[in-house]
Amino acid sequence: MEAWEITLLVIGIVFGTALLFIAVDVFFILMFNKIFKKHNAALGLMLHVKYDNMKKLIDCLNKNKVDVPYRYIEVINRIQTESFMNQELPSCLEARNDLTYLRNELVLLTNSTENLSKNLELKRAKDAIIEMDANYRTLVAMYNADVLGYNYWINFLPTKYIKYIFKLKEKQIIS
């Protein structure tokens, strides 16, 4: 082989390898975007169920003549359930924080007196909230693992400039 053929072969191998890296990177980014659509739907459903369980617990407390502080009613009323479908929205972050606050406060309220903790209906509503919260945390852990993978692949060294071309943004971990 002559020198120009060797040079052409080396240049072809370098560009071929770079194209392979780009193809793999784009494939993983597209797969993660597909996964995030499923995660958003699942997390939205879980948050909606948590919201419904909170309302049910408040109704049970009211039915048992427990004075639920008005600030809890204000918090549950300001939650916008339509924001649950996109975990990246600031309104969804606020709604998740409000649901966590309500869960902590309402569970504490039901545990505060022995009469309430023995009520079967309240116990079932509280247990539903606690079980849903455990399932939600599992789903959040899977979402966060996928966020780490997605952020890795959009910052993968040979192809990290793709994120600027396609205007990809890093996803935030849910805490």
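**Close-up 1. Asn144 and the residues it touches.** Asn144 touches Ile173 and Ile174, not counting residues up to four places away in sequence. Contact here means heavy atoms within 4.5 Å. The model is a predicted one: local features need pLDDT of at least 70, side-chain atom pairs count only at pLDDT 80 or more, and totals for chains, interfaces and linings use all residues. Residues are numbered from 1 along each chain as its sequence is written, and side-chain values use heavy atoms, with hydrogens and water left out. Asn144 is found in helix 5. Helices (H or I, at least four residues) and strands (E, at least two) are DSSP runs, numbered from the N terminus. Is Asn144 buried or exposed? Asn144 is buried, because its relative accessible area is 13%. Buried means under 20% relative accessible area, exposed means over 50%, and partly exposed lies in between (1.4 Å probe, protein chains only).

**Close-up 2. Asn151 and Lys171.** Asn151 lies in helix 5. Its relative accessibility is 13%, so Asn151 counts as buried. Not counting residues up to four places away in sequence, Asn151 touches Glu170 and Lys171. Lys171 sits in the segment after helix 6 (162-165). Lys171 and Asn151 are 20 residues apart in sequence. In space they are 6.7 Å apart, C-alpha to C-alpha. Which residues does Lys171 contact, leaving aside its neighbours within four places in sequence? They are Phe36, Glu88, Tyr143, Val147, Tyr150 and Asn151.

**Close-up 3. Helix 1 against helix 3.** Two packed helices are described by the angle between their axes and the distance between the axes. The axes of helix 1 (residues 3-63) and helix 3 (residues 90-111) come within 10 Å. They cross at roughly 35 degrees. Axes are lines fitted to C-alpha atoms, for helices over the stretch in contact, and angles run from 0 to 180 degrees between N-to-C directions. Helix 1 passes helix 3 in a left-handed crossing. A crossing is left-handed if the near helix is turned anticlockwise from the far one by less than a right angle, and right-handed if clockwise. On the helix 1 side, the contact residues are Leu47, Lys50, Tyr51, Met54, Leu57, Ile58 and Leu61. They meet Cys92, Arg96, Leu99, Leu102, Arg103, Leu106, Leu109 and Thr110 in helix 3. The residues of this contact divide into eleven nonpolar, one polar and three charged. Ala, Val, Leu, Ile, Met, Phe, Trp, Tyr, Cys and Pro count as nonpolar, Asp, Glu, Lys and Arg as charged, and the others, Gly among them, as polar.

Close-up 4. Helix 1 has 61 residues. From its first C-alpha to its last it reaches 89 Å, close to the 90 Å expected at 1.5 Å a residue. The expected span is 1.5 Å times one less than the number of residues. Helix 1 is followed by Lys65. Lys65 is in the loop between helix 1 and helix 2. Its phi is positive, about 60 degrees, although Lys65 is not a glycine. Most residues other than glycine have a negative phi. Lys65 counts as exposed because its relative accessibility is 76%.

**Close-up 5. Leu102 and the largest nonpolar core.** The largest nonpolar core has 40 residues. Such a core is a set of buried Ala, Val, Leu, Ile, Met, Phe, Trp, Tyr and Cys residues joined through side-chain atoms within 4.5 Å. Leu61, Leu102 and Leu106 have the most contacts inside it. Helix 1, helix 2 (70-78), helix 3 and helix 5 (120-154) each supply at least two residues of this core. Leu102 lies in helix 3. With a relative accessible area of 0%, Leu102 is buried. Leu102 touches Met54, Tyr72, Val75, Ile76 and Ile79, not counting residues up to four places away in sequence. Leu102 and Val75 are 27 residues apart in sequence and 7.7 Å apart in space, C-alpha to C-alpha.
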